[in-house]
Amino acid sequence: STDLTSTVGYDSIIQHLNDGRKNCKEFEDFLKERAIIEEKYGKELINLSKKKPCGQTELNTLKRSLDVFKQQIDNVGQGHIQLAQTLREEAKKMEDFREKQKLHRKKIELIMEAIHKNRNLQYKKTMEVKLMCCCFLPCGCTQPLLHLPCLSCFWQLFLKLAQTKSALEDTDRSYQQSVTTMEKIREEWQNEHIKACEFFETQECERINYFRNALWLHVNQLSLGCVQNDEKYEEIRKSLEMCSIEKDVDFFVNLRKTGSLAPAPVVYENYYNAQRNVTPARSPAPVPISRRGPLPTPTTAPGEPDYATVDGYSLV
């Protein structure tokens, strides 16, 4: 603006800087809220893995796989809690950066406020002196000297004219001094304004760079969490690959078996005719149990993928 006392441009810069500081505060609050969510989710996963039954009656290799599964889910929960702590640390760093910029900027703003106040006061004073100088009219000096009624009136008017001329010269000198002072203040304000703008520009560049890097780091932390979680899930998949259907079935059979001989056949006995009781007789030897055939192969429903093949069996 060409108006010397206008602060429209300066106010726009300050407003933009305030908006940038507000944006940093919003991202800081976002990180804090995300940390609360991550911590809550991690604790829920840990409680789920410790308190919720999940295949607790399984045996042998599948039981070991389930134990690995629950342990890795617990580890995933711990990872989310650690991520929550990391996010809180990043939010604290953003807060420290924001407050540091605010403190440095406040010093410049105080200097500029003082200069603006001094400039406006001097400008007002200069305009008041200028107005007096421009509007100064010698009162009573417009009467023609030749039409004065007497000589005493002439000398009175002459004395008044001399006083007015002296006052006018004093006012003009005061006006010149005010203009000179105003120019010095204007130059000082202009120099400080340029310095302030350069400082604000540097600070804004630092803020944008820091904000961008903070966003980048946040996304990297989330990606790292996903990679670490997938490594934990991979441990579960490796454990499932060691799961054997035949071993688990054999383990159950050996654990719960009641013997290797089948019950003897039930024969008819005639209690009414003693002579006929001699003919039928029990089989003297128990019937041995035949070895069971091969285990059936699990089938996959149409459209469902085979996730793994273990010991010749398809686990879906």
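How much space lies in the second largest cavity? The volume is about 40 Å³. The structure is a predicted model, in which local features need pLDDT of at least 70 and side-chain atom pairs count only at pLDDT 80 or more, while totals for chains, interfaces and linings use all residues. Residues are numbered from 1 along each chain as its sequence is written, and side-chain values use heavy atoms, with hydrogens and water left out.

**View 1. The second largest cavity and its lining residues.** A cavity is a set of points, on a 1 Å grid over the protein atoms alone, where a 1.4 Å probe fits but cannot get out; lining residues have an atom within 4 Å of a point. Grid points are joined across faces, edges and corners, and a volume is the space filled by probe spheres set on the points. The lining consists of Phe27, Leu31, Leu87, Glu90, Ala214, Leu217, His218 and Gln221. Helices are DSSP runs (H or I, at least four residues) numbered from the N terminus. By class, the lining has five nonpolar, two polar and one charged residues. Here Ala, Val, Leu, Ile, Met, Phe, Trp, Tyr, Cys and Pro count as nonpolar, Asp, Glu, Lys and Arg as charged, and the others, Gly among them, as polar.

**View 2. The largest cavity, with a volume of about 90 Å³.** A search of the whole structure finds two cavities of 30 Å³ or more. Around the largest cavity are Leu17, Arg21, Cys24, Phe97, Arg98, Gln101, Lys102, Arg105, Gln203, Glu204 and Arg207. At least two lining residues come from each of α1 (8-51), α2 (60-134) and α3 (151-241). The greatest contribution is that of α2, with five residues. Six of the lining residues are charged, three nonpolar and two polar.

**View 3. The salt bridge between Arg21 and Glu99.** A salt bridge is a side-chain nitrogen of Lys or Arg within 4 Å of a carboxyl oxygen of Asp or Glu; the structure holds 16 of them. In this pair, the closest N and O atoms are 3.4 Å apart. Glu99 lies in helix α2 and Arg21 in helix α1, so the pair ties together parts that are 78 residues apart in sequence. Both residues are partly exposed, with relative accessible areas of 34% for Glu99 and 25% for Arg21. Buried means under 20% relative accessible area, exposed over 50%, and partly exposed in between (1.4 Å probe, protein chains only).

**View 4. The salt bridge between Arg105 and Glu109 in helix α2.** The closest N and O atoms are 2.8 Å apart. The two residues are four apart in the helix, a separation of about one helical turn. Arg105 is buried at 8% relative accessibility, and Glu109 is buried at 11%. Elsewhere, salt bridges that share partners join Arg21, Glu28, Lys32, Arg98 and Glu99 into one network.

**View 5. The salt bridge between Lys43 and Glu39 in helix α1.** The closest N and O atoms of this pair are 3.9 Å apart. Lys43 and Glu39 are four residues apart, or about one helical turn. Lys43 is partly exposed, at 45% relative accessibility, and Glu39 is partly exposed, at 23%.

Notes. 1 Å grid on protein atoms, 1.4 Å probe; cavity = no way out; pocket = protein on both sides within 12 Å on 5 of 7 lines; lining within 4 Å.
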